[in-house]
Amino acid sequence: MTDRLGELSSAGVAIWLDDLSRTRLASGGLEQLRREKHVAGVTTNPTIFAKALSDADEYNWQLRDLAVRGVEVEEAVRMLTTYDVRWACDVMRPSYDKSGGVDGRVSIEVDPRLAHDSEKTVAEAKALWWLIDRPNLFIKIPATEAGLPAITATLAEGISVNVTLIFGLDRYSQVMEAFLAGLEQAKANGHDLSKIGSVASFFVSRVDTEVDKRLEKIGSDTAKALRGKAAIANAQLAYERYSKVFSSKRWQALADAGAHPQRPLWASTSTKNPDFRDVIYVEQLIAPGTVNTMPESVIKAYADHGETQADTITGAYDAARKAFSDLEAAGVDLTDVIAVLEREGVEKFEASWLELLDGVRKSLESAAQGVGTPGRVAQGNAKAAAQAGGNA
């Protein structure tokens, strides 16, 4: 049989799983994906945790203990989620060691309600770093305006960062600047740059969802013909910017000190439109030094029928620029699209976080009373999480 995932990995794309649950950990499912499906990293977000805690009884014992101690709900959420992430870090440690610290990473997000507060974001990033205490951890920080200085300050502490919720090219350039500044400060602070990792999570399918909605509203044949073009063009042009930044003299000075580049990570790679090929956001975004984080359904689909070419990005820059020009000419305000997506991205994760808090609160109350099945966190949470949306 053709090892399509192996071909994708050989083309320079690190395959990461966009999901985590205690059921997956306890069953050995994550370990199996690492060994058999070339999965070299894991990403999480509030939506993923809300769904995980709503579905499984594996959390019962921990919920009961937390209820007996009378802990506050926010502490309980952190105990539950960091337990899973620490476990996942241990499962992925062989990939981390084999890759020299590049892969084998597991991400956990700061409280999304802090997305517009730099100081609190840094404080929580530091707390999560020492609480989980694993070298292959990534702290996810959103690429909001307040997130940019937090990214720099967190990296300066020697803490590895996954920058999330990137939608636009200009913001992506600011993220790379924040990364370079953070490493320069980390070096000045005496940290070993070879131990610090970072990825920049560039969201893909959500761009098409928003743009295509606007194209449908415009309604012309010309507009409708542009559906499904924006997201891939956006990511391809992001890679062009990445290539320029990480071939600069400024970057070379950091690389000479042992630093690893901040790889672009393609997030939100499951197709939302059933008319699109289910692996389009994988096949069309293949280039060396990239990460593609996928839900297991997309990993399975690619293993079944994905087609790997050596590079589907670097030769497409002119076509991507033309797609942008055509979209603007058709009446799509791409600047407004990016602003809407960033705002909604933070709001969706905040909604999932609040659902998670509410579900854990109800389960703690149930556990304290000795009734019910506390591991099933808040009936209906899974539906709410799906509605809120995640990376997938």
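Rings of Phe, Tyr and Trp (its six-membered ring) pair if their centres lie within 6.5 Å; planes under 30 degrees apart count as stacked, over 60 as edge-to-face and the rest as tilted. The legends below describe a predicted model, in which local features need pLDDT of at least 70, side-chain atom pairs count only at pLDDT 80 or more, and totals for chains, interfaces and linings use all residues. Residues are numbered from 1 along each chain as its sequence is written, and side-chain values use heavy atoms, with hydrogens and water left out.

**View A. Aromatic cluster of Phe 179, Tyr 239, Tyr 242, Phe 246 and Trp 251, linked by ring pairs.** By the ring rule, the count comes to eleven aromatic pairs. In one of them, Phe 179 and Phe 246 are tilted, with 5.9 Å centre to centre and 50° between the planes. This pair links distant parts of the chain, 67 residues apart: Phe 179 is in helix 9 (residues 169–188), and Phe 246 is in the loop between helix 12 (230–245) and helix 13 (249–256). Helices (H or I, at least four residues) and strands (E, at least two) are DSSP runs, numbered from the N terminus. Phe 179 and Phe 246 are buried; buried means under 20% relative accessible area, exposed over 50%, and partly exposed in between (1.4 Å probe, protein chains only). Tyr 242 also forms a tilted pair with Phe 246, at 5.1 Å centre to centre and 40° between the planes. Tyr 242, like Phe 246, is buried.

**View B. Strand 3 (residues 105–109) and its neighbours strand 2 and strand 4.** Five of the five residues of strand 3 are buried. Arg 105, Ser 107 and Glu 109 point one way from the strand, whereas Val 106 and Ile 108 point the other way. Strand 2 (residues 39–43) runs parallel to strand 3 and is joined to it by two bridges; strands pair if DSSP finds at least two bridges between them. Val 106 is the bridge partner of Val 42. Four bridges join strand 3 to strand 4 (residues 137–142), also in parallel. On that side, Val 106 stands opposite Leu 137. From strand 3 the chain crosses through helix 7 (residues 118–132) to strand 4 in a right-handed β-α-β crossover; right-handed means that, with the strands pointing away from the viewer, the path from the first strand over the helix to the second runs clockwise.

**View C. Salt-bridge network of Asp 19, Arg 24, Glu 296 and Lys 300.** A salt bridge is a side-chain nitrogen of Lys or Arg within 4 Å of a carboxyl oxygen of Asp or Glu, and the structure holds 29. Arg 24 and Asp 19 have their closest N and O atoms 2.7 Å apart. Arg 24 is buried at 13% relative accessibility, while Asp 19 is partly exposed at 21%. Lys 300 and Glu 296 meet at 3.9 Å, N to O. Both lie in helix 15 (residues 296–305), four residues apart, about one turn of the helix. Lys 300 is exposed at 54%, and Glu 296 is partly exposed at 23%.

**View D. Arginines over the ring faces of Phe 138 and Phe 349.** A charge sits over a ring if NZ of Lys or CZ of Arg is within 6 Å of the ring centre and within 35 degrees of the ring normal. Arg 105 lies over Phe 138, at 4.9 Å from the ring centre. Arg 206 lies over Phe 349, at 5.8 Å from the ring centre.
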